[in-house]
Amino acid sequence: MVDEHLHPDDRPVDEQLADLRHRIDSLDLELLKLLNDRARLAQAVGEVKKLDGSPVFRPDREAQVIDRLKNLNGGPVLNDSIAPIWREVMSACRSLEARLKVAFLGPIGTFSEQAALNYFGSSIEPLPCTTVDEVFRATVAGSCQFGVVPVENSTEGVVARTLDLLLQSPLTIVGETSLLVTHNLLRKLPSREGIEVVCAHPQALAQCQGWLSQNLPHAERRAVSSNAEGARLASENDKLAALAGTRAATQYGLHVVQSAVQDEAHNRTRFVVITRPDCHTPSAPTGHDCTSLIVSVDNRPGAVHDMLVPLKRHGVSMTRIESRPARSGQWEYVFYIDLVGHPAQDNVAAAMNELRAQCSFFKVLGTFPLDVH
């Protein structure tokens with residue numbers, strides 16, 4: 001039955017609003033009580049986990065919680081809103097067990113920071129790093145539990161340095177998240193007049209090269225370690241502008257001179273979450289998983305074709321394949337492959353076993369829930 005009090009009636013508007021707001025305030029108190037009840041249960045879960053050393057963060061479990069709620073959602077809250085709301089709830093509850101330390105390409109205000117917050121929620125201890133290399137070093141050394149690094153962009157393709165470090169490091173991928181990347185022209189002054197230099201990460205400069213060529217053809221394009229670093233520099237010199245998000249504009253007190261200057265409207269960057277294998281329990285199947293591999297095959301005719309045959313034979317979809325030099329000095333290459341599925345599935349396990357037998361090098365980077373939220 002529809003509650004008649006949820007619709008306008010004959011009372012004056014101010015009375016109707018006062019009544020509705022009173023009811024919202026009452027519901028907020030109920031929600032607060034329920035959140036604290038959930039938090040106490042999360043604390044109890046944490047105590048049980050300590051008995052067998054289970055990790056605080058389980059990405060597969062959190063993905064299953066969100067999937068279940070989306071399937072049960074009857075509206076009017078949109079399903080797209082369920083994931084960010086519950087990630088924040090789970091982040092706040094998780095922090096009562098332990099506050100996760102997460103490294104990302106800094107400084108504060110980068111898209112990498114935003115990706116970390118989108119994935120873990122805001123109840124984390126951030127560790128901004130000056131380079132992607134430093135994110136890997138900090139994670140390997142145990143200075144943080146997790147790192148978040150960009151791996152590919154829908155406009156400019158793969159982030160080569162990240163792929164090289166995934167090959168060289170012992171870290172495993174435990175999750176992914178993608179971000180709609182909107183580059184804005186930021187500056188101390190509210191106009192484009194007098195801009196001599198535009199500072200940004202090389203990927204951002206490449207993603208905005210058409211707009212820059214048309215609108216700031218005489219400005220120097222200066223590559224810096226991150227977009228937020230460009231914003232920091234622009235905050236110190238009114239002849240400089242930066243390409244960055246609105247978070248960086250707020251952080252460094254800059255004007256958004258021009259919004260959305262990227263050449264592609266649907267410009268997305270995919271990030272992966274990395275950790276040490278000893279800090280992670282392998283994820284259980286969620287029904288929408290990705291298994292990421294690095295492989296190499298002998299240099300012979302048909303080797304790459306033969307490498308893909310097991311996938312076709314066992315009905316395993318491949319969503320990505322990239323080649324990179326193996327850095328052996330012998331003109332050898334390694335292939336980065338993303339498969340749809342989990343090794344616990346019989347067809348995925350069979351395909352991976354056959355593929356492994358054909359490869360001179362075979363490394364599983366990780367199995368993790370796909371970013372479908």
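Tutor: A pocket is found on a 1 Å grid over the protein atoms alone, as an open set of points where a 1.4 Å probe fits, with protein on both sides within 12 Å along at least five of seven lines; its lining residues have an atom within 4 Å of a point. Grid points are joined across faces, edges and corners, and the volume is the space filled by probe spheres set on the points. This is a predicted model, in which local features need pLDDT of at least 70 and side-chain atom pairs count only at pLDDT 80 or more, while totals for chains, interfaces and linings use all residues. Residues are numbered from 1 along each chain as its sequence is written, and side-chain values use heavy atoms, with hydrogens and water left out.

On these terms the second largest pocket has a volume of about 280 Å³. Its lining consists of 20 residues, and L105, P150, H201, Q203 and N227 are those nearest the centre. Helices (H or I, at least four residues) and strands (E, at least two) are DSSP runs, numbered from the N terminus. At least two lining residues come from each of α4 (111-120), β3 (146-153), α7 (202-207) and β11 (268-275). The largest share belongs to α7, with 3 residues.

By class, the lining holds 12 polar and 8 nonpolar residues, and no charged ones. Here Ala, Val, Leu, Ile, Met, Phe, Trp, Tyr, Cys and Pro count as nonpolar, Asp, Glu, Lys and Arg as charged, and the others, Gly among them, as polar.
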